[in-house]
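Q: I am new to this structure. Please pick one part and take a close look at it. Then set that part in its surroundings.

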Protein chains: 2
Amino acid sequence: MSPQTNHSLSVDCVIFGFDGHSLKVLLVEREFVDGRGEKIVDYKLPGNLIFENEDLRTSAYRTLAEYTSTRDIYLRQLHVFSRPDRVSGDELRWLNEYYRVNTTRVVTVAYYSLVKLDSRLIACAADKGARWFDVESVNRLAMDHKTILAQALEMLNRQLMTEPIAFELLSSRFTLRQLQMLYEAILGIEIDNRNFRKKVLSSGYIRETGEKEKNVSHKPAAYYTFDKQKYQKDVRQKFRLNFINWQL
Amino acid sequence: MSPQTNHSLSVDCVIFGFDGHSLKVLLVEREFVDGRGEKIVDYKLPGNLIFENEDLRTSAYRTLAEYTSTRDIYLRQLHVFSRPDRVSGDELRWLNEYYRVNTTRVVTVAYYSLVKLDSRLIACAADKGARWFDVESVNRLAMDHKTILAQALEMLNRQLMTEPIAFELLSSRFTLRQLQMLYEAILGIEIDNRNFRKKVLSSGYIRETGEKEKNVSHKPAAYYTFDKQKYQKDVRQKFRLNFINWQL
DNA sequence: GCAAAAGTGTTTCATGTACACCCATGT
DNA sequence: ACATGGGTGTACATGAAACACTTTTGC
């Protein structure tokens, strides 16, 4: 056996968003013709082949920018998927055509990222043939992308319990109820709101803005922000905190 | 710009062992001639280029087997390192010569693994030009391997606090003191032994073997084992446990 | 004034932490 | 008999969980 030579490296991004009710993921429509000449339409994660002289992270940001027109996004490496036959047959043919290459094997590095979902982003995705899907309702995906999505979800769950990343999914000004809904929706649990507020506020990283909701037919909620500077300073000083650990 | 074509994928393994006192890492001696014709000897992590038709994980196991003659080893993917110039100049020349390839860029996937260090392993490593170094005393390493090692250490620390992986570093029969020493050495903290025993034993995964130390000039310690089956069953049933969290 | 969501405190229980002495063995 | 590390229990502090009612707004 000899070292692999004719292979490619790709990046696939699992981009999560939260619309206030459920967790969404960005998927790209793909059209291709299978071996029997039939046209197939399915969905895949946004991705790219890496360029020469380009970092994987840079490549991931390039992909993100393509579908969101923004670079100010939480991004993290997830896992490498390297089964030799993960892209083969019709799918390999599609890929070689699409990227105008001639490769026999594609190893992909999955990244996962979190965005503050808004109407601009939804429109932006639609422009590029992509759509935000409810995570729960995703069935089949191209190649091994379903596996990648599952692993990203697992990571998101774990991270949500141990790091303050929820704020990457919310606009910078949010109500505590929105924050709680996010935890409940993603973790699939119910949380007592008194205990939730106590825990969150006692962290010391949630600041009142002084502003309140307007034009709501109930008691208006106060808006808060997350003090990221303070958090990062504390982390650097090794004051590791137990941000939230409803881990059972 | 166009997709990268002439590149290679490698696997590098950070293999940790524990000798009862301090954390060790396996490093391989490398000899090469630099641009000025001077012979340089340094150390690197054990690694390989991936073969055609070979999984990354398989490639990592191949590397492990090379230096330990065993496959029964804890192994986990860590991170991909992809800086375009991470292997360049003399080092790239060395690599092309060593593996008899002709590549312009090497992206590496780091794996980290834990072994039960014993005299057989030490001898086995020596046979292959490798040595077990005290982690604290590692200075310079080839390429970006120092960075990789640092990241593996961070992962080990985090995992030690949240998962029962300590047992991958101890022989299957161990005393509680040995276990405690391991935590203290790796995390760099002191632990009260009464509290340690209480916590560890109350987990329900530590079983007495009934055997005791022999020929020691003090009260002989009891040997215990870790009930991995029970732990894995509980994990599968989503009874996530908080194994140890002396995290701060 | 009523519907709808926001906001607020106390008690109980489990878990973490601090702390000091006796025990079993080899020499 | 003494040196060496093994092994044990209790009291206190902290944090999680359970639980129900009042407040503010738009209509």
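A: A word on annotations comes first. UniProt positions are given in the numbering used here, feature names are shortened, and annotations may be inferred rather than shown by experiment. The model itself is predicted.

UniProt lists "domain: NrtR DNA-binding winged helix" at residues 166-226 of chain A, from an unreviewed entry. This span is 36% helix and 20% strand. Its end C-alpha atoms are 10 Å apart. UniProt also places "domain: Nudix hydrolase" at residues 8-149 of chain A, again from an unreviewed entry. That span is 27% helix and 37% strand. The end C-alpha atoms of residues 8-149 lie 21 Å apart.

Helix 6 of chain A covers residues 193-202. What caps its N-terminal end? A:Asp192 does, with a side-chain oxygen 3.0 Å from the backbone nitrogen of A:Arg194. After helix 6 comes A:Gly204. The phi of A:Gly204 is positive, near 85 degrees.

Now for the close look: the contact of chain A and chain B. Chain A brings 34 residues to the contact, and chain B brings 34 residues. The size of an interface is often given as the accessible area lost when the parts come together. Here chain A and chain B bury about 3100 Å² between them. Of that area, 57% is on carbon and sulfur atoms. The interface holds 16 residue pairs in polar contact, both residues at pLDDT 80 or more. Which parts of chain A touch chain B? Strand 1 (8-18), strand 5 (74-81) and strand 6 (106-114) of chain A each supply at least two residues of that side. Strand 5 gives the most, with three residues. By class, this side of chain A has 16 nonpolar, 11 polar and seven charged residues.

How many salt bridges cross the interface? The rule finds zero between chain A and chain B. Over all chains, though, a search of the whole structure finds 34 salt bridges. One pairs the side chains of B:Asp134 and B:Lys24, at 3.7 Å from N to O. B:Asp134 lies in strand 7 (residues 130-134) and B:Lys24 in strand 2 (residues 23-33) of chain B, so this pair ties together parts 110 residues apart in sequence.

Last, how are the copies arranged? Two copies of a chain are related by a rotation about an axis and a shift along it. A rotation of 180 degrees, with 0.0 Å of shift along its axis, superposes chain A on chain B, with an RMSD of 0.0 Å. The two copies are therefore related as by a two-fold rotation axis. Of the interface residues of chain A, 100% are also interface residues in chain B, so the copies meet through the same surface.

How values were computed:
Residues are numbered from 1 along each chain as its sequence is written. Chains are lettered from A and ligands numbered from 1 in the order in which they are written. This is a predicted model: local features need pLDDT of at least 70, side-chain atom pairs count only at pLDDT 80 or more; totals for chains, interfaces and linings use all residues. Side-chain values use heavy atoms; hydrogens and water are left out. Contact means heavy atoms within 4.5 Å. Buried area is the accessible area (1.4 Å probe) that two parts lose on being put together, summed over both. A salt bridge is a side-chain nitrogen of Lys or Arg within 4 Å of a carboxyl oxygen of Asp or Glu. A polar contact is a pair of N or O atoms within 3.5 Å; within protein, one must be able to donate a hydrogen and the other to accept it, and residues adjacent in sequence count only if both atoms are side-chain atoms. Helices (H or I, at least four residues) and strands (E, at least two) are DSSP runs, numbered from the N terminus. Ala, Val, Leu, Ile, Met, Phe, Trp, Tyr, Cys and Pro count as nonpolar, Asp, Glu, Lys and Arg as charged, and the others, Gly among them, as polar. Copies are superposed by least squares on the C-alpha atoms of residues with pLDDT of at least 70 in both.
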